[in-house]
Amino acid sequence: MKNLIVGLFLVAFTLTATAQDKMNKAVVKMVSFEQTKGEFTQKALTLTEGTYVFNVTNNNAAPEVGLVLIEDGKDGSKPENHIADAYVSQMVKHGKTESSKEVRLKKGTYKYFCPFNKTPEYTLVVK
């Protein structure tokens with residue numbers, strides 16, 4: 001009887017954990033960026049607090065482009081200040097789109113840019 005109760009507890013725990021994982025994955029939002037020569041087409045962005053995946057499209061901007069996201073006020077030239085999960089999975093070649101990992105953004109101001117396409121730093125506000 002004791003083994004049956006332990007077994008039922010483990011099944012219930014597994015089902016609850018699986019349901020929570022599915023619920024967490026359902027709230028991931030997608031943000032699409034497009035880069036053209038020397039700039040992002042999105043000059044500023046306002047989002048709500050949450051988890052995001054960033055898609056970056058290279059519209060003949062440069063042979064390869066990427067995405068760097070930093071908290072406002074930090075030096076973007078220093079990789080230790082980059083939010084590494086916001087990097088795309090691989091460099092984005094002409095006509096292609098690549099995605100970042102999931103990034104949890106809290107309220108605040110961030111900057112995004114591409115060092116390979118030499119874009120300015122643009123503002124991303126999370127409310």
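Student: What should I know before I start?

Tutor: This is a predicted model, where local features need pLDDT of at least 70, side-chain atom pairs count only at pLDDT 80 or more, and totals for chains, interfaces and linings use all residues. Residues are numbered from 1 along each chain as its sequence is written, and side-chain values use heavy atoms, with hydrogens and water left out.

Student: How many helices and strands are there in the protein chain?

Tutor: Start with the rule. Helices (H or I, at least four residues) and strands (E, at least two) are DSSP runs, numbered from the N terminus. Here the protein chain has one helix and 11 strands. The pattern along the sequence is α-β-β-β-β-β-β-β-β-β-β-β.

Student: What share of the residues is buried?

Tutor: Buried means under 20% relative accessible area, exposed means over 50%, and partly exposed lies in between (1.4 Å probe, protein chains only). Of the 127 residues in the protein chain, 34% are buried. Accessible areas come from the Shrake-Rupley method with a 1.4 Å probe; for residues, only the protein chains shown count as cover. The protein chain exposes about 8000 Å². Carbon and sulfur atoms supply 58% of that area.

Student: How many salt bridges are there?

Tutor: First the general idea. Side chains of opposite charge can pair when their charged atoms come close. A salt bridge is a side-chain nitrogen of Lys or Arg within 4 Å of a carboxyl oxygen of Asp or Glu. By that rule, the count is two.

Student: Which residue forms a salt bridge with Lys93?

Tutor: That is Glu64, with the closest N and O atoms 2.6 Å apart. This pair links distant parts of the chain. Lys93 sits in strand 7 (residues 92-93), Glu64 in strand 5 (residues 64-65), and 29 residues separate them. Lys93 is partly exposed at 45%, and Glu64 is partly exposed at 32%.

Student: Which residues gather in a patch of negative charge?

Tutor: Patches are made of residues with over 30% relative accessible area and no salt bridge; like charges are joined within 9 Å, and nonpolar side chains (Val, Leu, Ile, Met, Phe, Trp, Tyr) within 5 Å. Lys and Arg count as positive, Asp and Glu as negative; His and the chain ends are not counted. The place of a charge is NZ of Lys, CZ of Arg, CG of Asp or CD of Glu. On this surface, Asp72, Asp75, Glu80 and Glu121 gather in such a negative patch. Asp72 lies in the loop between strand 6 (68-71) and strand 7. Its relative accessible area is 43%, so Asp72 is partly exposed.

Student: What does Ala44 contact?

Tutor: Contact means heavy atoms within 4.5 Å. Ala44 is in strand 3 (residues 44-47) and is exposed at 55%. Leaving aside neighbours within four places in sequence, Ala44 contacts Tyr112 and Thr123. Ala44 and Thr123 are 79 residues apart in sequence, but 5.0 Å apart in space, C-alpha to C-alpha.

Student: Where is Val125 found?

Tutor: In strand 11 (residues 122-126). Val125 is partly exposed at 25%. Not counting residues up to four places away in sequence, Val125 touches Leu45, Thr46, Leu47, Gly108 and Thr109.
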